[in-house]
Amino acid sequence: MRCQLGLVAAIAAFAVAHEHSEDQQPIEGPHKSLWYNTLPGDGGTQADSVFSGISTFGRLGYYPCLASDDVSYDIAFIGAPFDTGTSYRPGARFGPSGIRQGSRRLNLYGGYNVPLEANPFNSWAKVIDCGDIPVTSYDNAYALKQIEEGHNSILSRKPKTDSDKPGPSKKGKTLPRVITLGGDHTITLPLLRSVTREYGPISVIHFDSHLDTWKPKVFGGSPSHQASINHGTYFYHASQEGLLANDSNIHAGIRTTLSGPSDYENDGYCGFQIVEAREIDTIGMHGIIRKIKERVGTEKPVYLSIDIDTLDPAFAPATGTPETGGWSTRELRTIIRGLEGINLIAADIVEVAPAYDTNAEHTTMAAADTLYEVMTLMVKKGPLSKMVADNDGSDSTSVPEEL
């Protein structure tokens with residue numbers, strides 16, 4: 001009897017539900033009010049959580065720039081997954097993907113950079129992630145050519161802003177800026193070759209614990225020409241090839257052992273001045289900033305290369321050749337911010353090898369945060385047309401007044 005009553009009740013409930021369902025409108029996805037929200041304050045639109053979605057640098061828009069030139073940009077991120085020029089720990093081929101993972105939180109609250117008073121994610125500049133340059137791991141000579149050509153393809157295009165205005169390149173054009181995710185430090189040689197094709201010999205700011213100007217016979221023994229090009233000799237080759245502007249280059253954070261005092265003499269021949277890591281204890285961060293600015297100036301184009309081993313292994317353990325006695329993440333970021341006013345036309349960060357990182361992703365986050373400062377400096381400086389405008393006293397920049 002109870003079963004019969006239960007069956008009758010169920011049939012009655014189904015009939016009532018069916019009757020009411022005729023008046024209901026089904027929800028069709030995607031329901032934008034649920035997934036796309038406008039943030040309060042000075043923020044923008046949040047698509048989803050920072051721990052979901054495809055990893056690009058700082059959750060920037062992705063476009064395969066090397067497959068098509070249908071998009072224009074003012075700043076492009078590009079990966080160079082290469083690590084067969086390293087002398088100790090391999091693994092920096094995974095650096096680009098690791099840095100992107102470490103950058104997920106950069107614009108969680110909108111991306112505003114408080115010390116530099118600017119938002120690089122919401123400015124005059126169109127910034128995108130172009131993905132990675134295809135790099136072979138079987139032939140170093142061919143890989144370096146791939147990096148040079150891939151980088152130059154990205155660097156030499158018309159920017160989104162002020163493409164019709166004069167700029168500081170050799171052809172008098174305004175070009176976009178490119179930030180490269182390494183990769184071991186060998187990649188800086190093909191990157192400098194690419195940059196020099198557009199700008200001529202370039203001044204370099206080099207953050208590193210190592211000189212990287214060693215003669216091949218000192219570093220590696222150079223059993224072949226290709227073996228002589230590695231992450232400890234690329235600046236020697238850059239000097240020999242005429243890629244560096246003489247006597248306007250500087251290292252910062254140096255604390256390595258040497259083969260002898262002649263290594264420093266050779267470094268001077270390559271056109272570098274040295275700021276030792278330990279100088280932070282005597283002249284402080286502002287003293288280091290002052291030395292860098294006095295060396296490279298604020299009028300000519302400058303290339304910035306950052307080895308993550310500038311940081312002490314306590315802050316960045318996941319690197320190819322760690323050296324104790326380095327700077328903290330806070331100190332490096334402060335020094336980078338102090339470079340405001342310098343004309344950075346391109347940059348790289350290298351030697352991030354995620355396999356040696358902690359579960360907390362210390363190194364990849366440090367690398368991403370450092371590039372966040374670099375990116376903000378570029379945005380604050382305005383399009384590179386502003387270099388020419390400032391030098392001739394005119395005002396041809398399209399940058400808003402507030403920047």
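Which residues does Thr136 touch, not counting residues up to four places away in sequence? They are Tyr142, Ala143 and Gln146, where touching means contact, that is, heavy atoms within 4.5 Å. This is a predicted model, in which local features need pLDDT of at least 70, side-chain atom pairs count only at pLDDT 80 or more, and totals for chains, interfaces and linings use all residues. Residues are numbered from 1 along each chain as its sequence is written, and side-chain values use heavy atoms, with hydrogens and water left out.

**Overall build**

- The protein has 11 helices and 10 strands; these are DSSP runs numbered from the N terminus, with helices being H or I of at least four residues and strands E of at least two.
- Of the 403 residues, 53% are buried. Buried means under 20% relative accessible area, exposed over 50%, and partly exposed in between, with a 1.4 Å probe and protein chains only.
- Among contacts with a separation of 6 or more, 76% link residues 24 or more positions apart.

**Thr136**

- Thr136 sits in the loop between strand S4 (127-132) and helix H4 (140-155).
- Thr136 counts as buried because its relative accessible area is 19%.
- Pro81 is 55 residues away from Thr136 in sequence, yet their C-alpha atoms are 8.9 Å apart.

**Nonpolar cores**

- The largest nonpolar core holds 50 residues, and Ile205, Phe207, Ile292 and Val374 have the most contacts inside it. Such a core is a set of buried Ala, Val, Leu, Ile, Met, Phe, Trp, Tyr and Cys residues joined through side-chain atoms within 4.5 Å.
- Helix H10 (residues 362-381) gives the most to this core, with 10 residues.
- A second, separate core has 41 residues, including Tyr73, Cys130, Ile187 and Val350.
- Beyond its neighbours within four places in sequence, Phe207 contacts residues including Ala252, Ile292, Trp327, Leu332, Ile335 and Ile336.

**Helix H9**

- In helix H9 (residues 329-337), 7 of the 9 residues are buried.
- The buried residues are Thr329, Glu331, Leu332, Thr334, Ile335, Ile336 and Arg337.
- Their cover includes strand S6 (203-207), helix H8 (284-296), strand S9 (301-307) and H10.

**Pocket and cavity**

- The second largest pocket contains about 270 Å³ of space. On a 1 Å grid over the protein atoms alone, a pocket is an open set of points with protein on both sides within 12 Å along at least five of seven lines, a cavity is a set where a 1.4 Å probe fits but cannot get out, and lining residues have an atom within 4 Å of a point.
- Of the 16 residues lining this pocket, Arg105, Leu106, Arg333, Asp369 and Tyr372 are the closest to its centre.
- H10 gives the most to the lining of the second largest pocket, with 4 residues.
- The whole structure has 1 cavity of 30 Å³ or more, and the largest cavity holds about 50 Å³.
- Residues lining the largest cavity include Asp74, Trp124, Pro159, Arg177 and Pro383.

**Backbone exceptions**

- Most residues other than glycine have a negative phi, and most peptide bonds are trans.
- Gly182 and Gly183 are joined by a cis peptide bond, with omega about 15°. Gly183 lies in the loop between strand S5 (177-182) and helix H5 (188-199).
- Glu117 has a positive phi of about 55°. Glu117 counts as exposed, at 57% relative accessibility.
- Glu361 also has a positive phi, about 60°. Glu361 lies in the loop between strand S10 (343-350) and H10, and is partly exposed at 25%.

Key: Grid points are joined across faces, edges and corners, and a volume is the space filled by probe spheres set on the points.
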